[in-house]
Structure formats: C-alpha cells, structure tokens
Amino acid sequence: MLLNIRNLHVSIEGKEIVKGLDLSVNNGEVHAIMGPNGTGKSTLALAIAGKGEYTITQGEIIYKGKNINNMPPEDRAREGIFLGFQYPVEIPGVSITNFMRTAINEHREYKGLPPISAPEFLAKMEDKKKLVEIQSKLTNRSVNEGFSGGEKKKNEIFQMAMLEPTLSILDETDSGLDIDALRVVANGVNKLRTKENAFVIITHYQRLLEYIVPDFVHVLYDGRIVKSGGKRLAVELEEKGYDWIKKEFEMN
Amino acid sequence: MSKQNKNIALKNKLINLFEENKNSIFKNEPQYISNLRNQAIEKFYQLGFPTTKMEGWRNTDLTKALSKNYNHFFSSKQNDVDVEELFKCEIHDFDTDIVSFLNGFYVNGNSQLRTMSDGTIVGSLAKAIKQYPEIFENYYNKNVQSDKNAFVTLNTAFAQDGLFIYVPDGVEVNKAIQMVSIINHNENLFIQNRNLIILGKNSRLTLVHCDDSINQQSSFNNSVTEIFVEENANLDHYKLQNLNNDSTLINSTFVYQKAGSNASTNSITLNGGLIRNDTFVKLNGQMCDANVYGVYLMDKTQHIDNHVFIDHVEPNCSSNELFKGILDEDATGVFNGHVLVRRNAQKTRAFQSNKNILLTDTASIDTQPFLEIYADDVKCGHGATVGQLDTEAMFYLRSRGITEANAKLLLMYAFAAEVINKISIKPLRDRIDDMVKKRLRGELSICDKCVLHCGSPAKEIHFDIDMSKV
C-alpha cells in the first residue's frame, strides 16, 4: 500500500479540523475526495504535505510503509509526495527555472545523484512545458507572480511533471479554470498516470472527474470520510448535492 | 568616562592635532584651501561630533567608535605591501580603470594624475589641487553642508587625498572608473578621504567605489564625496562596502545636478561594523532624474544607517529611492529618507521605498521615509515595510523538496535581487550577485574583497541558473 492514513486527527491552532480519518491508496489508483466547504479537505492535503501549523494530535500517516507524521515537508517531497496547491504562492524574484532546478537538484542529492546538467534540465523543461501547454516565456517569470488563475494551476501541474512524484495530491486544481484550461490540466494528469503513481484529487465538481476518471470517490464531511464509492458516486453527488449525505451522517 | 566626555576627548585630540601640524603639513597649498581648513576646524570646534540627542543621529550611536584610540597619519604608509597583488581585479569581461587608495592615500606607482585620450582627468586629489586650482576654486567644497555637518567640516579641515575625476563637456567615458579604497594597517587608523567628481555638460561616467579592509584592525573612515553633474550629463555610481566588523565608515556623498542630467547611485553594503551612508542630492535644474538605491545585508552586531536627502528645487524632475535590507542576529539598521519638494518644483515625481527583513527577534530597523512638499502639483509616494520571511512561500518551496536552509536563501536572495537587478553593467551585476549569494550563505569573508581577490573557487550554487549563459 502506498498511503495508509489511520484515525487521523489534525488541529490548527487548537481547533480540530480532521477528526478521525481513514484512507488507503494503492499504487496506480486515482482517488477523488469531495465534500462541502469547510469539512477538512485542504487540511488533509496540507497535513499529508507536512505543513507546520497542522498538528497531528492522533493517528498516523503511513507512506511507503513509514510513519511520516514528523517528517519535514522537504523530505516528504523527496520521498515522492507532491501537493498541487489550491492557492499557489507568488514568489517575486525567484524564477520558475531557478526554482525547478533547485528542487530537482535537491531531489537528486537526496537520492545520491549528481546535479542535473544544464542541457538535460532544459530538455526536460521543454518536454514538460508542452505537456501542460505552457508558453516558453512563463518559465522565465517569477514563480506565480502576476499569473492568472489558470496559469497558476497549469504551473502546479508543470511542477508535478518536473518532479515526477509517486503520490500527487491535487487540491481543487480545477477551481477557477475555464473549460479549455481544465482540459489541459486533466490531459496533463492523464499523461502522467502510470501503474506506479497514485493521485488524490480534491474537487467540488464532478466536471474534472469526467476527464480524470477516478477509481474511488470519497465524501469528506465534518473531518471524516463518511461515504466511499466508485466513480458513479460523483455523478450522484452532482445531481443530489450533499444534503442527503449530511442527513445520513447525522442519523448515524 | 561618560559618553559626552569620550566624544570630547577625540574632538580635542583632533583639533590639537590640526593646530600642531597645520603649518608644516598644509603649508604649500593654495591660500583658499588653507582658509577653508581654518574655517572648517573652527566650525568643527563649534559643532563637535554628533550625539544621539541630535535628530539625524538618534538611532546611530557613535560613542563606541569614537572612544577607540586611532592613529592619524599625514602621509601615506605603504610599506610592506605588494600593491599589485593587493589591487588585482578579476571581474571577467569588466574592464575598468582602477584608481587605488591605501589607508586614504593614492597608491604610488603610475602617474598621480593622468589625462586620458578623451581629455578626462583621473587621479589623486592631492595632485589635482596643485595642478588645477581653477577647477577647485569653482567646485571644491561648494555643495557640502559646510556649516552644519560636523563630519564634513572635520574632513575639510584634514583631507589631503582622494579621488579626482574631471570629465570634459561632451565626453562619454567608455571604461568604468573604479576607485578601490583599502584599509590595511597594523594599528587603528583614522582616515579622511575626499573625492571630487565633475561631469561636464553632456558627458557620461560610470564610477565604482569600493571600500574594503584587509585585516581585522579597527578603523574610522570619514569620507566625503562631492559630485557635480552638469547639464544633460549621466552618472552611474556604485558603492560597494565590505569592511571588517571593527570598522566605522561615515560616507557622505553630495550630488549636485543641473538641468536634464541623470544620476544614479547604488550602495551595496555587504559587511561593516558601523556604516553611515549620507546621500544628498540637489536637483537644481529642470528635467533631472535621480535614482538612489541601496541594499544592505548585516549580521552580528553590525549597524547600517542610510540617510538620503533629496532636494527638488526646480520643476519637472523625478527622484526614486529604493533601499532593501536583511538584518540577522543582533544587527541594527536605520533608514531615513527625506524628500523636499520646494514651492517652485511643480510636476515633481518622487518615490521612496524601504523594505526590510528581520531574521531574528533581536535584529532591528528604524525606518522613516518622509516627504516635505510645498508645491501643489506633484506625484509623490513613500512606504516602508518590516517583516519576516514569508512563511507561506517557505512552505511552498519546501513542499517541492527544497531544504529549509536553501528555501530561506532563495527568498532572501529574491528579496535583494530587486536592487541588484538595477545594476546596469552586466559583469558587475553578476559579480555583485555572486557576492550577495556568498554573503547570504555566510561564505563571504573580508578576504573575499570587494570585487577583488575573487580567487576563491566559485562553489556550485544549487539554485542558480542563468538562462542567457546556457
């Protein structure tokens, strides 16, 4: 099993957001996590990526057989975890090129490899840019600075492609995208799917799941996964909303 | 001894030194220079060294620096120094005319004053005073605050040598002129440099001014630079400061601009015990542009103080100030930007910005951007920020596999880069860029020398790739 989350409780500033969550992801699978606003989807994503303020008070995150509860975020990344941010951060003065070269070299150093050569790096950039249809000029700009919503999300997928993670968590990568950008992003993800790597896709809408077909759909409510099913569950949620899930949950 | 007494002790010592030596040392000078010295020492006697009770010095305490024992020499001490080795310059693709100063005096060797093929005169101020009295009578000491600035009066009384540049009308000096001022002595030194730079009408000059120290000995350098930029002339001025932790540098620069001229100064402070950069710009003609930039990277108990005063006298001029600093450990900083827009200076555009990152709870900065406006049709703005490294950006970088230490470096470098990118000469920009990175990684020692002695092999910089070089 690639990722095994057991009875996870996560608090931010003393407030519990994730309240006993279980989730298992195997290599090669695509999981979709849906649910109303404020139920802990982003908190789950950031806790897996290792954000400092997200305190795990109970339970554990097992990744590749290891408990990573206390692993620093950079080590998680170098072990193959990638988070596509819901709100990618703007970093003036750091070009995407420098940023990616640094990141790749840190990954390589971790694996005991020498730094990537300039020609190899540039070839890789070109290759991955095509994957998400990024114009060349974007990569010489500062990370996310002045990017449109669509450009930011494309840039997240571009970074994912560059870093070749085993487990990718995409936090509302579809929000704010028009239909063309959505298709580009989804195509990018589909091209990166292999038997080895897995995706956890957090989304509000079934729309993205028409392009990236999930193996499992989970509904997150009040900090727990309250319902899981196949891809048809997403369609059902789109048609009926979340109210019936809430009712079901409250009755139990 | 109380603070006050310590200041007075050095003050009295200097005044006595002046009285004892004036007849022997300054005897062969033109009469008006001697008169200036006598007036200046009298003024210094009245003013004394500034104290923290004075508005412009509230946050910069000189007591410790002034209470050390310094030696004051009236002639150069250049024994036991391999001058050629000391002033070797190794910026690739950056060809400059180097003018070297050791402990405040022009380094012997080439002719003390040379006239280049385009007519530009470059060399030792001491020599120029004798050779070009008419230039000195027109410019020397004409645009300094000779009646209220204690350090200027002290400098005027004592100054013997420094850099002299005269660019004739219409001459564009192709090669940058690089002044390298090195302090290297086995005793504490009190140095008083005096520089006079004149750009004739429609001329152009790039000047790089490096202040360095070789060893860890204490020093006090009271340096005054007067710059005159005549009609439609262009000046690009860089100050690189890389001094030891026991050095004090008071660097007063006075820029006088006439109509249609451009002057840009950029102070890059990499290291130093206590550094005060006082920059005064007078825009005394229409359609002038002045840019005053600075970046400072301080740590330990270092102190940096950037004071900028821009005087908009005439209409249709613009000025732009941008200072950025990173302060680590117990470092302290001051920024004071004062823009005066006089009543006649309509259509003035003036902007000031000071941004700081404090890396520890014990580092501090006092920042005061300040506009004083008497004209009614102007566009002015100012702002200051003090903050820590952006934690969201830190997490974003780390989530991509970049270690905390490297993420911090990337963000600090990115912060400073805004000022570095304003350096218009690419080889110099690359060199300074490299020095800033080294400084941020804690690898820049004073042995690295400003722009000099870059013999230390460049380390692989993980986060750097320059697309243009690939």
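In which sense, left-handed or right-handed, does α9(B) pass α10(B)? The crossing is right-handed, where a crossing is called left-handed if the near helix is turned anticlockwise from the far one by less than a right angle, and right-handed if clockwise. The structure is a predicted model, in which local features need pLDDT of at least 70, side-chain atom pairs count only at pLDDT 80 or more, and totals for chains, interfaces and linings use all residues. Residues are numbered from 1 along each chain as its sequence is written, chains are lettered from A and ligands numbered from 1 in the order in which they are written, and side-chain values use heavy atoms, with hydrogens and water left out.

**Chain B as a whole**

Chain B contains 10 helices and 21 strands; helices (H or I, at least four residues) and strands (E, at least two) are DSSP runs, numbered from the N terminus. Of its 470 residues, 60% count as buried, and buried means under 20% relative accessible area, exposed over 50%, and partly exposed in between, with a 1.4 Å probe and protein chains only. Among the contacts in chain B with a separation of 6 or more, 83% are made by residues 24 or more positions apart, a contact being heavy atoms within 4.5 Å.

Helix α9 (residues 404-420) and helix α10 (residues 426-440) of chain B pack at an angle of about 145 degrees, and their axes are 10 Å apart. Axes here are lines fitted to C-alpha atoms, for helices over the stretch in contact, and angles run from 0 to 180 degrees between N-to-C directions. From α9(B), the residues Leu409(B), Met412(B), Tyr413(B), Ala416(B) and Ile420(B) take part, and they meet residues of α10(B) including Ile432(B), Val436(B) and Leu440(B). By class, this contact of α9(B) with α10(B) has 8 nonpolar, no polar and 3 charged residues, where Ala, Val, Leu, Ile, Met, Phe, Trp, Tyr, Cys and Pro count as nonpolar, Asp, Glu, Lys and Arg as charged, and the others, Gly among them, as polar.

Chain B also has an open sheet of 10 strands with mixed pairing, in the order β2-β1-β6-β9-β11-β13-β15-β17-β19-β21; its edge strands are β2 (105-106) and β21 (379-387), each of which pairs on one side only. Two strands pair if DSSP finds at least two bridges between them. Helix α9(B) lies across β13 (262-271), β15, β17 and β19 (349-358) of chain B, and runs at about 155 degrees to β17(B). Helix α10(B) packs on the sheet as well, touching β9 (204-213), β11 (234-242), β13, β15 and β17 of chain B, and its direction makes about 30 degrees with that of β13(B). Strand β17(B) is mostly covered, with 9 of its 10 residues buried.

**Parallel strand pairs**

| Strand pair | Sense | Bridges | One bridge |
|---|---|---|---|
| β15(B) and β17(B) | parallel | 10 bridges | Ala290(B) with Ser319(B) |
| β17(B) and β19(B) | parallel | 10 bridges | Ser318(B) with Arg349(B) |
| β5(B) and β8(B) | parallel | 4 bridges | Ile165(B) with Ile197(B) |
| β8(B) and β10(B) | parallel | 6 bridges | Leu196(B) with Glu226(B) |

Strand β8 (residues 194-199) of chain B has 6 of its 6 residues buried, so this strand is largely enclosed by the rest of the structure. In a regular strand the side chains alternate between the two faces of the sheet. In β8(B) both faces are covered, with Arg194(B), Leu196(B) and Ile198(B) buried on one side and Asn195(B), Ile197(B) and Leu199(B) buried on the other.

**Two single residues**

Asn143(B) lies in the loop between α6 (133-139) and α7 (150-158) of chain B, and it counts as buried because its relative accessible area is 15%. Not counting residues up to four places away in sequence, Asn143(B) touches Glu226(B), Phe228(B), Phe254(B), Val255(B), Tyr256(B) and Lys282(B).

In chain A, Glu60(A) belongs to strand β4 (residues 54-63), and it is partly exposed, with a relative accessible area of 22%. Leaving aside neighbours within four places in sequence, Glu60(A) is in contact with Asn4(A), Ile5(A), Arg6(A), Leu8(A), Asn67(A) and Asn69(A). Glu60(A) and Val226(A) are 166 residues apart in sequence and 19 Å apart in space, C-alpha to C-alpha.
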